[in-house]
Structures are given as C-alpha cells and as structure tokens.
Amino acid sequence: MKEHQIDLSQYNIRTDLAVEAHDMAQEQQQGSPIPGVKMNETNAEGIRTSWIWVENEEGAQRIGKAPGTYLTIEVPALRSKDSNLQERVAEHFANQFSQFLQDVGIDANAKVLLVGLGNWNVTPDSLGPLVIKQSMVTRHLFVLAPEQVDDGYRSVAAVSPGVLGITGMETSEIIYGIVQETKPDVVIAFDSLASRALSRVNTTIQVTDTGISPGAGVGNKRKQLNQETLGVPVLAVGVPIVTIIRV
C-alpha cells in the first residue's frame, strides 16, 4: 500500500534525533558546516550510518543537542519485515555499538545496568520494557557462581522501573537507588523517541552518551538520567515510535 505523504511544515514538530536536528540546523546555515559539530555518514546496502559529534556548547546551541557522541542507524526497508535484512541490521548495529562503547571509554569488562524506560501498558511507550524482556542478565551468576561464567561475558543486570503513575516514584529515584546499591560501571537506558519524519518511525536506532530524559519521546519528560544525576556514565538507546505535532 502506498504511504501517504503529509506536509508537516506548518506544524511545530519536536525531535529526539540528532540527525534531524543537524539537518534542520544545516537548512538554516544554507548547507554550510555547523560550528562545533562534526558528522560522518555512510550508506551501504540500504543501511545509513551517521556519527555526529557535538564538540562544545556552541555546537549544542546550534543543533539543540547536548555535547557528546550520537550514532544513528537508519534502515527504511525494515518495514518490509525481511528476516535476512533484520539479521544484517542486527549484526551491523552490534558492530557499531561495540565501536561506540570503545570510543566513549567503556571497558570490555565494565559492569552494566540495563534500564527499560517506559510504560509496558502503553504501546508507544513500551519499547524499554520489551528490550529488558529480551535481555540476558548475568550479574547473579558473577555474584553467586563466578567460576561457572565462561569468558566473553560481562556482569549485566536489568530493570524496568515503570512510570510515575504506576509506582508513585520518579524513575530517576528508582534508578539512583539501584545504582547506589549494585555499583554498575555504566547504565544503558532504552526508551521510545520522537521523530519529525514518519519515514523514520520504527526504522531508526539512535545511541548517545549524553543520557536521557525518561518519557521525552512521548512528550512526558521527567528528570534526566545522566552522569551528573547517577554518578556513572549513562548511554541511551532509542527508537522513534511516534511523531509529536504541536499545533
């Protein structure tokens, strides 16, 4: 079925994606380089990979994104549900994410806390809990039976903390308490994002080392999760699930 093209230029549309913020800034610059921002982009076999480095506060102000590293993988054909393509994308993402971890200084043996942000009862906000449901956790093995853990594994714990309306607690409060008790070396948070382009919904993955605001992707921003609030590096992995239009 042919996808309808909708003119959204008259609306105020928010975006969580650095590539879209970069594109909008370049439009304002009429294609000129953006001070304080570097970008490297490749496109191979239908997979577009973009690395954006926001190097300073000037760059952050220009594109509206915090200083840091942003990795984005776009695969429009994912909507075809081609299993072979899905496997290639998974392998490509794994390789790029491994490179990302190295670039931002996360050790291969670092202890990880996975956090699935969002409300499992609401489809557009359930990405985080679904990721946690499919994750392999190993921390208990490292604590209780370390001699039985094969080489190549790291300590991984995981939690889906829910949302304020379910728990009565801010997500940041829950995660802070878990971090203080379990002492991970890094937190990797998963959340739904918002895109200004319908074509990027469910076809794009963004990774950043700047932390995340829980619920931002569905317009319900809470207190940020980042190194300043948690005391450890916070990586954010997100997929745009919605397009939010402010009339």
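Start by selecting α3 (83–103), β5 (112–116) and β7 (186–194): each supplies at least two residues of the lining of the largest pocket. Helices (H or I, at least four residues) and strands (E, at least two) are DSSP runs, numbered from the N terminus. A pocket is an open set of points on a 1 Å grid over the protein atoms alone, where a 1.4 Å probe fits, with protein on both sides within 12 Å along at least five of seven lines; lining residues have an atom within 4 Å of a point.

This is a predicted model, and local features need pLDDT of at least 70 while totals for linings use all residues. Residues are numbered from 1 along each chain as its sequence is written.

Stay with the pocket. Its lining counts 20 residues, and Phe97, Leu114, Arg154, Val156 and Ile188 lie nearest the centre. α3 gives the most, with 4 residues. The volume is about 580 Å³, taken as the space filled by probe spheres set on the points.

Now select strand β3 (residues 47–54). Here 7 of 8 residues are buried (under 20% relative accessible area, 1.4 Å probe, protein chains only).

β2 and β3 pair in the antiparallel sense over 8 bridges; strands pair if DSSP finds at least two bridges between them. Zoom in on Ala44: the bridge partner in β3 is Ile47.

Next, select β4 (residues 68–74). This strand runs antiparallel to β3, joined by 7 bridges. Finish at Ser50, which stands opposite Thr72 in β4.

Definitions and conventions. This is a predicted model: local features need pLDDT of at least 70, side-chain atom pairs count only at pLDDT 80 or more; totals for chains, interfaces and linings use all residues. Side-chain values use heavy atoms; hydrogens and water are left out. Buried means under 20% relative accessible area, exposed over 50%, partly exposed in between (1.4 Å probe, protein chains only).
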